[in-house]
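Me: I am new to this structure and would like a close look at a single part of it. Please take one loop and the helix before it, and explain your terms as you go.

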Amino acid sequence: RFSKLPSAAAFHVVNRLKDLALEGRTIIASIHQPSSDVFELFDYLTLLCDGKTVYFGATSQAQEVTT
């Protein structure tokens with residue numbers, strides 16, 4: 001668990017996790033308000049709102065929704 005990592009450090013951690021995923025490992029992560037650079041490292045997302053799934057799929061297909 002990482003808490004309040006500086007943006008650059010968060011990028012390097014997630015980038016390393018992506019490298020591990022490319023080696024065939026399954027990575028499950030929870031992240032709150034990632035920078036756009038970190039967000040783009042994810043391939044697939046499960047987005048929750050009030051504990052309910054509002055999106056599950058490719059990061060590239062996720063769209064911004066305003067309420």
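Reply: Ser30 counts as exposed because its relative accessibility is 78%, where exposed means over 50% relative accessible area, buried under 20% and partly exposed in between, with a 1.4 Å probe and protein chains only. This is a predicted model, in which local features need pLDDT of at least 70 and side-chain atom pairs count only at pLDDT 80 or more, while totals for chains, interfaces and linings use all residues. Residues are numbered from 1 along each chain as its sequence is written, and side-chain values use heavy atoms, leaving out hydrogens and water.

Ser30 sits in the loop between H1 and H2, helices being DSSP runs of H or I with at least four residues, numbered from the N terminus. The C-alpha of Ser30 is 9.9 Å from that of Leu47, although 17 residues separate the two along the chain.

Helix H1 covers residues 7–22 and spans 22 Å from its first C-alpha to its last, close to the 22 Å expected at 1.5 Å times one less than its number of residues. Its buried residues are Ala10, Val14 and Leu20; they line one face of the helix, because they fall within an arc of 105° seen down the axis, the arc being that of the directions from the axis to the C-beta atoms. On the other side of H1, His12 and Leu22 are exposed. Helix H2 (36–39) is among what covers the buried residues of H1. After H1 comes Gly24, with a positive phi near 105°.

Notes
Helices (H or I, at least four residues) and strands (E, at least two) are DSSP runs, numbered from the N terminus. Contact means heavy atoms within 4.5 Å.
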